[in-house]
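Reader: Hi! Could you walk me through this structure with a few questions and answers?

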Amino acid sequence: QVQLVESGGGLVQPGGSLRLSCAASGIIFSDYVMAWFRQAPGKQRELVAMSTDRRTPNYADSVKGRFTISRDNAKNTVYLQMNSLNPEDTGVYYCQAVRWTIPVRGPYWGQGTQVTVSS
């Protein structure tokens, strides 16, 4: 059974930082593309950052230079370091895992963790 468990969300003031974690189980972690999405109230879920095991990570334009995605294959965990947060970063952050090589598996989603940026 595949499980993705996010943690690290919370309330932070503008300009602050948070580090999200997503622990995966039930998959061969290194085979999967790991990504972070977010969903703000009343908006569609959007891709924030994506990490494969081999390629340079990809970021949404809105977070480039502020957010960093990283992964620890030994711990089956993907992280999202978020710096210089602003209110527009508020939302529920979801972890996603997809295996694109045959056999394709997923996407699998975590339950989400709330990030609120407010003074």
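Reader: Which side chain meets that of Asp-89 in a salt bridge at 2.8 Å, N to O?

Author: Happy to start there, and please keep in mind that this is a predicted model. In general, side chains of opposite charge can pair when their charged atoms come close. Asp-89 lies in the loop between S8 and S9, and its partner sits in the loop between strand S6 (58-59) and strand S7 (67-72), so the pair ties together parts that are 23 residues apart in sequence. The side chain that meets Asp-89 at 2.8 Å, N to O, is that of Arg-66.

Reader: How far apart in sequence are the parts tied together by Arg-38 and Asp-89?

Author: Arg-38 forms a salt bridge with Asp-89, with the closest N and O atoms 2.9 Å apart. Arg-38 lies in strand S4 (residues 33-39), while Asp-89 is in the loop between strand S8 (77-82) and S9, so the parts tied together are 51 residues apart in sequence.

Reader: Is Glu-46 buried, partly exposed or exposed?

Author: Glu-46 meets Arg-38 in a salt bridge (2.7 Å, N to O). Arg-38 counts as buried because its relative accessibility is 5%, and buried means under 20%. Glu-46 has a relative accessible area of 35%, so Glu-46 is partly exposed.

Reader: Which residues do salt bridges with shared partners join into one network?

Author: Asp-89 pairs with Arg-66, and Arg-38 pairs with Asp-89. Arg-38 also pairs with Glu-46. The residues in this one network are Arg-38, Glu-46, Arg-66 and Asp-89.

Reader: How many charged residues are in the lining of the second largest pocket?

Author: Arg-38 and Glu-46 turn up again here, as the lining includes both of them, along with Lys-43 and Glu-88. The pocket holds about 150 Å³ of space. Its lining also has 2 nonpolar and 3 polar residues, and the number of charged ones is 4.

Reader: And how much space lies in the largest pocket?

Author: Its lining includes Asp-31, Arg-54 and Trp-100. By class, this lining has 3 nonpolar, 3 polar and 5 charged residues. The space in the largest pocket is about 270 Å³.

Reader: Which residues make the nonpolar surface patch of about 400 Å²?

Author: One member sits in the loop between strand S9 (91-99) and strand S10 (105-109), namely Ile-102. Ile-102 counts as exposed because its relative accessibility is 78%, and exposed means over 50%. The patch is made by Trp-100, Ile-102 and Val-104.

Definitions and conventions:
Residues are numbered from 1 along each chain as its sequence is written. This is a predicted model: local features need pLDDT of at least 70, side-chain atom pairs count only at pLDDT 80 or more; totals for chains, interfaces and linings use all residues. Side-chain values use heavy atoms; hydrogens and water are left out. On a 1 Å grid over the protein atoms alone, a cavity is a set of points where a 1.4 Å probe fits but cannot get out, and a pocket is an open set with protein on both sides within 12 Å along at least five of seven lines; lining residues have an atom within 4 Å of a point. Grid points are joined across faces, edges and corners, and a volume is the space filled by probe spheres set on the points. Ala, Val, Leu, Ile, Met, Phe, Trp, Tyr, Cys and Pro count as nonpolar, Asp, Glu, Lys and Arg as charged, and the others, Gly among them, as polar. Patches are made of residues with over 30% relative accessible area and no salt bridge: like charges are joined within 9 Å, nonpolar side chains (Val, Leu, Ile, Met, Phe, Trp, Tyr) within 5 Å. Accessible areas come from the Shrake-Rupley method with a 1.4 Å probe; for residues, only the protein chains shown count as cover. A salt bridge is a side-chain nitrogen of Lys or Arg within 4 Å of a carboxyl oxygen of Asp or Glu. Helices (H or I, at least four residues) and strands (E, at least two) are DSSP runs, numbered from the N terminus. Buried means under 20% relative accessible area, exposed over 50%, partly exposed in between (1.4 Å probe, protein chains only).
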